[in-house]
Structure formats: C-alpha cells, structure tokens
Amino acid sequence: MEPIKPLIIRYPDRKLWKDALCRPSYVTDRKIVDTVSAILHDIESEGLEKVCEYTRKLDGWDADPVRLKVSEEEFLNAEKNLGKELPAAIDTAYENIRKFHEAQLQNDITVETMPGVLCMQKNIPIPRIGLYIPGGTAPLFSTVLMLAVPAGIAGCRDVVLCTPADRSGRVSPEILYCARKCGIENVYKLGGAVAIGTMAYGAGAISKVDKIFGPGNAYVTEAKQQVAATVCSIDMPAGPSEIMIMADDTAVPQYVCADFLSQLEHGPGSQAILVTCSETLAAQVESMLGRQAENLGRKEFLKSSASNSRVVLLKTEEEMADMVNMYAPEHLVISMAEPWKTVGKIYNAGSVFLGNYSPESAGDYASGTNHTLPTGGWAKSCSGVNISSYMKKMTIQELTEEGLRSLGPTIMAMASAEGLEAHGKAVEVRVENKSRKL
C-alpha cells in the first residue's frame, strides 16, 4: 500500500480557505438518477410484484412476497448465533442511547397571549416511520439503535425496517438482534432504491410510511431525494462521512491519527481534515498516519479517502474556529488545552468530541448521542437525528367571546390591509352579531 500522505496546507490566506476546505465532488450520475426514477415508477404502479422482481435481479436471491419479511425463526436464530459478548455491548449502547434521547422529550406548551386568547403547541409523534439500514461491506447494525430507539421513545405507532439480504436470503444477525431489542417486528429484506420506493409508496402488506430515515449509497440517496419531492419526508441530506480535528500541542498525535483514519475507512468519498496551530503536531501526524494504517483493514478505502484529506496549519485558535465554522463538519474532535472554552466558539458542527479521551467512535456506537448527522456542510442549517426528528408540532387555539372582541379589530385591520375581505368578515359576523346562526 502506498503511504498515506494527506496534503499539508500552511497558513493559507482567508481568501483561499474555501479551496482548502473543498469536499470531494459528489455529483449524481445521470444514469443513477434515471435508474432510480424507473425503479420508483415501477414500484408505485405495479407494487409488490415489481418489488420482488427487482430484489431477485439486484440482490441475487429468490425473493417472493412471503420470504421478504423476516420470520420469527430468523429472529431467534440471529440471537443464538451472536454469542454473549456482542449482545452485551449492544445492550449497553442501547441503554445509553435511550437515556440521552429520553431527556430530549419536550412538554406541550399552553400560553394565554391576551385575556381570552389561549394558544397551545402539542407534540405529536409521526405515525409511520421507515428505517433503512445498509448491508454491503459493513452492515451498520449500530444505525438500527440510533434510528429505532428514538422512534420508540417518541411514540411512533409503526416502524418498518428494510435492509438487504445476501444471496442466500439471509440478513445480518446483528441487525436482527438490534431490531428485536428495539421492538421492531416488521423487518423486510429489501435494499437500495427498491427499499426506499417500497416504504415510500407501500406495496402489498407493507404500508407506506410518513418519513424515511437512514444512510445509504448513491442510489439510496437519490431515491430518498426523489420521494421527498413528492410523497414522503426524509431525515436529512446525506453524503460521504467526514471528520475535522482541531488540535494544539496538548493533543496526543497517536489519538489524532486514529480519529483521522476512523473516518477514512467508511468509503472512498470520505474526508478527514486536521486544523492545527502546531507545526510539531502536523509533522508527527503526517509521519504516523501510514504506520497506523498498515495495521488496519479496508486499505483501498483508506488510500482513496486520504487523497481527499489534508492538514491545515493556521496561526491562532480564533482562525481555527473560523475555519471549522466555515466547513461545518459532520464530526468535530477538539483536542485543545481548554476544549470547553474552544467549543464555545463553534456553531456549525454535527457532533462534537472534546479532549484527548473522546474518540469520534464513542458517538458512532455507544456514548448515547446520535450518529446520524448532517454531512456536506449541512450542519450550517440542519441538526443530527434527535427526538424532534420523529415528532411534529400542532398548534391549537381557543378564543372566548371576550378574547375575540379584544383581538377582532387587530385581525380585521390586518385582513383589510392585505385585501382579504372574507378573512375580516369571519371576525366581523361574530363580533357584530353573536346571536346570528350561520
């Protein structure tokens, strides 16, 4: 394997920061757009028959309407095959994720904005949720916990989970264990755009969902974007994984390297950026990355993603914070002398990890925070998945006769100014003749 040598950029002028922070190009191929569009159209118009046909063709196993759904026997076999160590780890992660997300529940609010005018905001769980869990080279069973635990806490009535099966029709036992742990009974062996289309439109016994969550490849991302434009809400825009590390002379270079590499192994489009004011640390990390990588698997991903990555030297902590906020990373590690002081300067990041003993992988798996986070700079305007992602807020109001008489002139004046006569009349008929029956 060729040495991992990220580009080192020394003290760039602010005018060049945008170039220094350039992300890997992520342009959806026209072929992907057209392929996904055709799959979604066929599923919408022909239903379960097309779902099975595409699954046989794309996933390579003998799918039929009965075998699509994971059976009780498959759930039981999954639990038997995992041993004791991994289930214990999953159970610990589950409890931490549950505790953190339960604390996010919000109370309904009731406010009397003026005498006789009562306004309420009510939190309502989204009824039907669809979760997509990728299979492929690394079945992301941890994502089941990250998406299903808050759905259960929020009170979503029905949760459907789709994940691809291998060529024998078998689903990852780790994914099944996590699904059962979270109380999900409806698990279907569906992958890619087929899974997204099935959840969005419904097919056979699989009813359409109201919102779809979960990561995936370019076909999954494109499918989510297409259904979001017409029939179904989605969690957030998603792209390749990324990490930014802020570090000074107090950082441990071995730890910085480990965090750097932890994101590069996700896939060829991943990116890692170290921002530092220490020449010594930059040199240590550059020389150490290759040695750490030699002991890891997934070397092709590491090599490819390293070409997207870089080390940026800046003069001050203030410049470092400004660069972080410009980039808006999915993950941000702050290995600085006073990390809690430094994080006070950050307002654009998906999830932040403070100090030398807070690896990004803690949040990926088991600390309790959610690992489904905005990428591609979307942390400037989007949050990661949280309890609010599974809720909608409905407002309720009640005006008494006194309240309407007090507020009526305000309403009628504003309606008149906007030229909406009927709006004003709806108040006027009540205020001027309360006994009139309509």
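1. In which loop is Gln104 found? Gln104 sits in the loop between α5 and β2 (109-114). Here helices (H or I, at least four residues) and strands (E, at least two) are DSSP runs, numbered from the N terminus. Leaving aside neighbours within four places in sequence, Gln104 is in contact with Asn386 and Ile387, where contact means heavy atoms within 4.5 Å. Gln104 and Pro150 are 46 residues apart in sequence, and their C-alpha atoms are 9.5 Å apart in space.

2. On the source: this is a predicted model, in which local features need pLDDT of at least 70 and side-chain atom pairs count only at pLDDT 80 or more, while totals for chains, interfaces and linings use all residues. Residues are numbered from 1 along each chain as its sequence is written, and side-chain values use heavy atoms, with hydrogens and water left out.

3. The overall picture comes next. The chain has 17 helices and 14 strands. Its C-alpha trace spans about 85 × 60 × 45 Å along the principal axes. Of the 438 residues in the chain, 47% are buried; buried means under 20% relative accessible area, exposed over 50%, and partly exposed in between (1.4 Å probe, protein chains only). Among contacts in the chain with a separation of 6 or more, 76% are between residues 24 or more positions apart.

4. Helix α8 (residues 192-201) has ten of its ten residues buried, so this helix is largely enclosed by the rest of the structure. The buried residues of α8 include Gly192, Val194, Ile196, Met199 and Tyr201. What covers them includes α2, α3, β4, β5, β7 (211-213) and α9. Just after α8, Gly202 takes a positive phi of about 80 degrees.

5. Two of the covering helices also pack on each other. Two packed helices are described by the angle between their axes and the distance between the axes. For helix α2 (residues 30-46) and helix α3 (residues 48-59) the angle is about 145 degrees and the axes are 6 Å apart. Axes are lines fitted to C-alpha atoms, for helices over the stretch in contact, and angles run from 0 to 180 degrees between N-to-C directions. Ala38, Ile39, Asp42, Ile43 and Glu46 in α2 meet Leu48, Glu49, Lys50, Val51, Tyr54 and Leu58 in α3. By class, this contact has seven nonpolar, no polar and four charged residues. The classes are as follows: Ala, Val, Leu, Ile, Met, Phe, Trp, Tyr, Cys and Pro count as nonpolar, Asp, Glu, Lys and Arg as charged, and the others, Gly among them, as polar.

6. Side chains of opposite charge can pair when their charged atoms come close. A salt bridge is a side-chain nitrogen of Lys or Arg within 4 Å of a carboxyl oxygen of Asp or Glu, and the count here comes to 19 salt bridges. One of them joins Arg14 and Asp322, with the closest N and O atoms 2.8 Å apart. Arg14 lies in the loop between β1 (7-10) and α1 (17-20) and Asp322 in helix α13 (residues 317-327), so the pair ties together parts that are 308 residues apart in sequence. Arg14 is partly exposed, at a relative accessible area of 45%, and Asp322 is partly exposed as well, at 34%.

7. Asp91 and Lys181 also meet in a salt bridge (3.4 Å, N to O). Asp91 belongs to helix α5 (residues 85-102) and Lys181 to helix α7 (residues 173-181), so the pair ties together parts that are 90 residues apart in sequence. Asp91 is partly exposed, with a relative accessible area of 25%, and Lys181 is partly exposed at 30%.

8. A further salt bridge links Asp158 and Arg128 (3.3 Å, N to O). Asp158 is in strand β5 (residues 158-163) and Arg128 in strand β4 (residues 128-132), so this pair ties together parts that are 30 residues apart in sequence. Asp158 counts as partly exposed at 25% relative accessibility, whereas Arg128 counts as buried at 14%. Elsewhere, salt bridges that share partners join Glu72, Arg180 and Glu185 into one network.
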